[in-house]
Amino acid sequence: MLRSIVLGIGSYLPERVVTNDDMARMVDTSDEWIRERTGITRRHFAAEGEATSDLAVAASLRAIEAAGIDRNSIDLVLVATSTPDNTFPATATAVQRKLGLPVGIAFDLQAVCAGFAYAISVADALLVTGRARRALVIGAETFSRILDFEDRGTCVLFGDGAGAVVLAAAEQPGHVGDRGVLATALGADGRQYDHLYVDGGVSSTQTTGVLRMNGREVFRHAVQRLSEAAIEVVAKAGLRLADIDYLVPHQANRRIIEAVGKRLDIAPDQVIVTVDRHANTSAASIPLALDVAVKDGRIGEGDLLVLNAMGGGFTWGAALLRW
Ligand code: COA
């Protein structure tokens, strides 16, 4: 049967590093508070004029190189983002143009911090049904553009970045030992719309708006939804949580990640954490974390991974993937 297997991964963080001390010069906060409550030590902010598509392109070039493929074989570009270059066209078409990719399918997907989990699921559906052969699946964000730098409760939590994978349809034997995406699980609950949102938009205010959040409610739901999504996706494949080699969760807050690891009874050294070095980069956070763990040799071929995320909406999702 056809499975969507990862041929290569790449990521990119903008050059400008903003430390917690730098944030403390903007708002009434401290390095100690931010570290203790979130585990974050620094974030990267895009340069003036550096757009989400530029970050996406930089990550994609690395993913394509790692995959060792001819970029002309890419027939699907999917960008998960809540911070597109423009209202339209899709940032995916900007990426397509900047990379000189051939005519194919290209669109953006907006599920906020759950965007990469959603994008993997959608790309997988297109690949295993033969609608596309090779996909560039990207999470890319410039959240620094939608932060209120007078709100210490939110502006210290987010950063900019991008991560990308080349996902390709490949024949596999058709059992749980296969490489590739083995299962995905997605969900959303619009009743929670007001807990995490941007207070502007095209059809509401005709402004871009800034991020607003009820941190405590988000924290509570995040632990629950991230855990449930992981349990659901593993069960869908007829496997157990004990079969997983690594959990690669959305990188929002170290305390959320630790609580999820505990709830799922996954050992801390099997949970990938990179939030300390880039803060919450929304849809980019999973491929950023995944790239680090692949490059440092923790994740290798044959490893069974669960990627799980939750974001505004609320939206959540998970993918079970054999590397
Ligand atoms: N620096 C210093 N103090 C801060 C602060 C900051 N950056 N941000 C908030 N505070 C203050 C608050 O004003 C409050 O002070 P008060 O008690 O005098 O009113 C105090 O810290 C406690 O605030 P509270 O919101 O209860 O803290 P918390 O322990 O819940 O931690 C978050 C706040 C935001 C770190 C936490 O709620 C969280 O991580 N939520 C999830 C956020 C997230 O991950 N969102 C994205 C998901 S995709």
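User: In this predicted model, which strands each supply at least two residues of the lining of the largest pocket?

Analyst: Strand E5 (105–109) and strand E9 (196–198) each do that. E9 gives the most, with three residues.

User: What makes a residue count as lining there?

Analyst: A lining residue has an atom within 4 Å of a pocket point. For the largest pocket, 34 residues pass, and those closest to its centre are Ser-82, Pro-84, Gln-110, Val-198 and Gly-200. The space in that pocket comes to about 1000 Å³.

User: How many of its lining residues are nonpolar, polar and charged?

Analyst: You get 16 nonpolar, 15 polar and three charged residues.

User: OK, the second largest pocket. Why is it said to lie between domain 1 and domain 2?

Analyst: Because both domains give residues to its lining. That pocket has a volume of about 610 Å³. Of its 27 lining residues, Leu-157, Met-213, Gly-215, Phe-219 and Asn-253 are the closest to the centre.

User: Which element gives the most to that lining?

Analyst: H7, with six residues. Helices H2 (31–38), H6 (152–155), H7 (215–236) and H8 (254–263), along with strand E12 (304–311), each supply at least two. By class, the lining splits into 14 nonpolar, nine polar and four charged residues.

Conventions:
Residues are numbered from 1 along each chain as its sequence is written. This is a predicted model: local features need pLDDT of at least 70, side-chain atom pairs count only at pLDDT 80 or more; totals for chains, interfaces and linings use all residues. Side-chain values use heavy atoms; hydrogens and water are left out. On a 1 Å grid over the protein atoms alone, a cavity is a set of points where a 1.4 Å probe fits but cannot get out, and a pocket is an open set with protein on both sides within 12 Å along at least five of seven lines; lining residues have an atom within 4 Å of a point. Grid points are joined across faces, edges and corners, and a volume is the space filled by probe spheres set on the points. Helices (H or I, at least four residues) and strands (E, at least two) are DSSP runs, numbered from the N terminus. Ala, Val, Leu, Ile, Met, Phe, Trp, Tyr, Cys and Pro count as nonpolar, Asp, Glu, Lys and Arg as charged, and the others, Gly among them, as polar. Domain bounds come from an automatic or database domain assignment.
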